Amino acid sequence: QVQLVESGGGLVQPGGSLRLSCAASGITFYYYHIAWFRQAPGKEREGVSCISSDDGSTTYYADSVKGRFTISRDNAKNTVILQMNSLKPEDTAVYYCAAGSRPGIGTSQYNYWGQGTQVTVSS
């Protein structure tokens, strides 16, 4: 049974940082591309960042988070980390991690999804 479990969300003030973690089980982790998506109330789910399979040598960031977010993976721990710095109120959303066998940032490219973790940026 495949499971992706996100953690690390919470309430943070503007300018603050959060570290999201995605722990995977039930898959051969290093074969999979991993992505983070987010969905704010009333908006469509959007791709935030993704990291390639195997050594994670290729990464992608949405323009809205470039320079503030960093994605990394630890295949030994079956974990992907999204380090989020300089957070803004517009980053408020439920954040989901997803695993897929094809590279890219479209939701249809990902086979497995976590349940999400809430990130709220507010003073």
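Residues are numbered from 1 along each chain as its sequence is written, and side-chain values use heavy atoms, with hydrogens and water left out. Because the model is predicted, local features need pLDDT of at least 70 and side-chain atom pairs count only at pLDDT 80 or more, while totals for chains, interfaces and linings use all residues.

Strands are DSSP runs (E, at least two residues), numbered from the N terminus. Two strands pair if DSSP finds at least two bridges between them. Four strands form an open sheet in the order S1-S3-S8-S7. The pairing is antiparallel. Strand S1 (3-7) and strand S7 (69-74) are the edge strands, and each pairs on one side only. From one strand to the next, the twist averages 15°.

Ser-7 has Ser-21 in S3 as its bridge partner. Strand S3 (residues 18-25) is also joined to strand S8 (residues 79-84), by six bridges. These two strands run antiparallel as well. Arg-19 stands opposite Gln-83 in S8. Cys-22 has Val-80 in S8 as its bridge partner.

Cys-22 also takes part in a disulfide (a pair of cysteine sulfur atoms within 2.5 Å). The torsion about the S-S bond is about 60°, so the disulfide is right-handed. Accessibility is judged with a 1.4 Å probe on protein chains only: buried means under 20% relative accessible area, exposed over 50%, and partly exposed in between. Cys-22 is buried, at 1%. Cys-97 is buried too, at 0% relative accessibility.

Cys-50 is a further cysteine. The closest cysteine sulfur to that of Cys-50 is in Cys-97, 13 Å away, which is too far for a bond. Cys-50 counts as buried because its relative accessibility is 10%.

A nonpolar core is a set of buried Ala, Val, Leu, Ile, Met, Phe, Trp, Tyr and Cys residues joined through side-chain atoms within 4.5 Å. The largest core holds 29 residues. Trp-36, Phe-69, Val-80, Leu-82, Met-84 and Tyr-95 touch the most other members. At least two residues of this core come from each of S3, strand S4 (33-39), S5, S7, S8, S9 and strand S11 (117-121). A second, separate core has five residues, including Ala-35, Phe-37, Cys-50 and Ala-98.

Contacts (heavy atoms within 4.5 Å) were listed for single residues. With residues up to four places away in sequence not counted, Met-84 touches Gly-16, Ser-17, Leu-18, Leu-20, Arg-68, Phe-69, Tyr-95 and Val-119. Thr-79 is found in strand S8. Thr-79 counts as buried because its relative accessibility is 13%. Beyond four places in sequence, its contacts include Ser-21, Cys-22, Phe-29 and Ser-72. The side chain of Thr-79 also reaches the backbone oxygen of Lys-77 at 2.8 Å.

Gln-1 lies in the segment before S1. At 83% relative accessibility, Gln-1 counts as exposed. Leaving aside neighbours within four places in sequence, Gln-1 is in contact with Ser-25 and Gly-26. Gln-1 and Ser-25 are 24 residues apart in sequence, and their C-alpha atoms are 7.7 Å apart in space.

Backbone angles were also examined. Most residues other than glycine have a negative phi. Asp-54 has a positive phi, near 60°, and is not a glycine. Asp-54 lies in the loop between strand S5 (46-51) and strand S6 (59-61). Asp-54 counts as partly exposed, at 48% relative accessibility. Asn-78, also not a glycine, has a positive phi of about 50°. The loop between S7 and S8 holds Asn-78. Asn-78 counts as partly exposed, at 22% relative accessibility.

How values were computed:
Axes are lines fitted to C-alpha atoms, for helices over the stretch in contact, and angles run from 0 to 180 degrees between N-to-C directions. A polar contact is a pair of N or O atoms within 3.5 Å; within protein, one must be able to donate a hydrogen and the other to accept it, and residues adjacent in sequence count only if both atoms are side-chain atoms.
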